[in-house]
Amino acid sequence: MSVLVLLEQRGNLKACALEAATAANKIAQAAGMDLIAVYIGQSLADDSAQLAGLGINTVYAYENDALKYYSNDGYVPIVRDLVQELGAKVIIGSSSALGKELCASVAARLGVELVQDAIDVQWDSGLLAKKPVYAGKVLADVRITDSPAMVSLRPNVIAIEKNGDTVPTVEQRPMPEVSLRTVLKEAAEAAAGQIELTEAKIVVSGGRGIGGPENWPVVQDLADAMGAALGASRATVDAGWIHHSHQVGQTGKVVSPDVYVACGISGAIQHQAGMRTAKIIVAINKDANAPIFKICDYGIVGDLFEICPLLAKEVRKALG
Ligand SMILES: Cc1cc2nc3c(=O)[nH]c(=O)nc-3n(C[C@H](O)[C@H](O)[C@H](O)COP(=O)(O)OP(=O)(O)OC[C@H]3O[C@@H](n4cnc5c(N)ncnc54)[C@H](O)[C@@H]3O)c2cc1C
């Protein structure tokens, strides 16, 4: 019996793949199962050392130029067939944009239930997943009774843990017969130097309180000082002040950074849905009654145009 982890890559293995492997390793140990993994992409070679110490016995690698980029009709049959061939009892993937689609499609093809966007998984005579519901207001404990039990994990919620330096065996698999209806020729990367929001350890976001698009540099400068990704509330996106790719919340991206700084954001429930699992929340708002202060760890009641430059200066001083 085995636990199968889906290793996400985009050129290189993503951090969320190692997080999923860490969680899967704990499940495998608690359940007394083997931990195996599947890699689909162009080449695992340069990255395989990253998998050391994660408890993975075997990685089934499907390497092919045609599989360099994620494609639903390319990846899904491979995972489905591998699960059926190996009889995996637990499948753990990532709840990234691609991971969500892959997991949902695999679950549908296998005819099993899937707990998407879980923030924790445990083994207690079966798989138990913790998942935010009602825009993050409630945490539901879900017991999965289907077999295989399938979960996708929110990026950044599990700390990567390695034990030793044993590398997994890599079993090369021949490219199966798949007819790709869609072929992604090229993926445009975000502007050089920009940190991907969902993977960032620190996020600094701006809301309507910034007053207009000409004031983003105030928030961006704080983000730069902290080495953070730039997030935004929907109000600023709807106003056309910034691209939707920066939006955090129910209809934007879900982030779980170590630190989330909300500048001039009221903290509506739909915004909270995208950031309330951040480990430390800092709020800067001139309204002491803003809802964001109910969920923050550190609250600064004040004008962001005064506070952000001061904070940026102090952070730069502290970091030398
Ligand atoms: C179905 C649905 C989905 C939604 N999805 C999302 C989503 O994904 N993400 C999201 O963010 N919202 C979402 N919303 C919108 C959400 O309800 C709020 O309208 C939005 O989050 C408000 O954005 P805001 O906090 O920037 O603006 P506001 O609510 O207008 O808050 C601005 C804040 O800035 C403060 N402020 C003003 N000037 C300053 C200053 N100089 N210094 C410091 N503070 C200042 C004010 O006190 C205020 O608290 C959704 C709504 C619906 C109905």
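Glu 171 touches Thr 58, Tyr 60 and Ala 61, residues up to four places away in sequence being left out; two residues are in contact if their C-beta atoms, placed from the backbone, lie within 7 Å. The structure is a predicted model, in which local features need pLDDT of at least 70 and side-chain atom pairs count only at pLDDT 80 or more, whereas totals for chains, interfaces and linings use all residues. Residues are numbered from 1 along each chain as its sequence is written.

**Glu 171 and its strand**

Glu 171 belongs to strand β12 (residues 169–173). Helices (H or I, at least four residues) and strands (E, at least two) are DSSP runs, numbered from the N terminus. Because Glu 171 has 10 C-beta neighbours inside 10 Å, it counts as exposed. A residue is buried if 20 or more other C-beta atoms lie within 10 Å of its own, exposed if 12 or fewer, and partly exposed in between, with C-beta atoms placed from the backbone. The C-alpha atom of Glu 171 is separated by 8.8 Å from that of Tyr 62, although the two residues are 109 apart along the chain.

**Domains**

The protein chain is divided into domain 1 (2–173) and domain 2 (197–319), with bounds that come from an automatic or database domain assignment. The C-alpha centres of domain 1 and domain 2 lie 31 Å apart. Their contact takes 12 residues from domain 1 and 12 residues from domain 2. On the side of domain 1 that touches domain 2 there are 6 nonpolar, 3 polar and 3 charged residues. In this classification Ala, Val, Leu, Ile, Met, Phe, Trp, Tyr, Cys and Pro count as nonpolar, Asp, Glu, Lys and Arg as charged, and the others, Gly among them, as polar.

**Nonpolar cores**

The largest nonpolar core has 58 residues, and Val 5 and Ile 92 have the most contacts inside it. Such a core is a set of buried Ala, Val, Leu, Ile, Met, Phe, Trp, Tyr and Cys residues joined through C-beta atoms within 7 Å. Helix α1 (residues 15–31) gives the most to this core, with 9 residues. Apart from neighbours within four places in sequence, the contacts of Ile 92 are Val 3, Val 5, Ala 20, Ala 23, Ala 24, Val 121, Val 151 and Leu 153. A second, separate core of 37 residues includes Leu 222, Tyr 260, Ile 284 and Leu 304. In soluble globular proteins, nonpolar side chains tend to be buried together.

**Strands and their partners**

Strand β7 (residues 114–118) is largely enclosed by the rest of the structure, because 4 of its 5 residues are buried. The strands β7 and β11 run parallel and are joined by 3 bridges; two strands pair if DSSP finds at least two bridges between them. Within this pairing, Met 150 in β11 is the bridge partner of Leu 114.

Strand β14 (residues 229–232) is covered on both faces, with Ala 229 and Gly 231 buried on one side and Leu 230 and Ala 232 buried on the other. It runs parallel to strand β13 (residues 202–206), to which 4 bridges join it. Gly 231 in β14 stands opposite Ser 205.

**Backbone exceptions**

Most residues other than glycine have a negative phi, and most peptide bonds are trans. The table lists the exceptions described here.

| Site | Backbone feature | Location |
|---|---|---|
| Tyr 134 | phi about 50° | loop between β9 and β10 |
| Ser 147 to Pro 148 | cis, omega near 0° | Pro 148 in the loop between β10 (138–144) and β11 (149–153) |

Ser 125 counts as exposed because it has 8 C-beta neighbours inside 10 Å. Tyr 134 counts as exposed because it has 10 C-beta neighbours inside 10 Å.

**Ligand shell and Gly 249**

The ligand is surrounded by 28 residues, of which Gly 207, Gly 209, Ser 233, Arg 234 and Gly 249 are the closest; a residue is near a molecule or strand if its C-beta atom, placed from the backbone, lies within 6 Å of it. The shell residues divide into 8 nonpolar, 15 polar and 5 charged. At least two shell residues come from each of α5 (234–238), α6 (269–272), β16 (280–285) and α8 (304–319). The largest share, 3 residues, is that of α5.

Gly 249 is placed in the loop between α5 and β15 (259–263). It counts as buried because it has 25 C-beta neighbours inside 10 Å. Residues up to four places away in sequence not being counted, Gly 249 touches Arg 234, Gln 270, His 271, Ala 273 and Gly 274. The C-alpha atoms of Gly 249 and Gln 272 are separated by 6.3 Å, and these residues are 23 apart along the chain.
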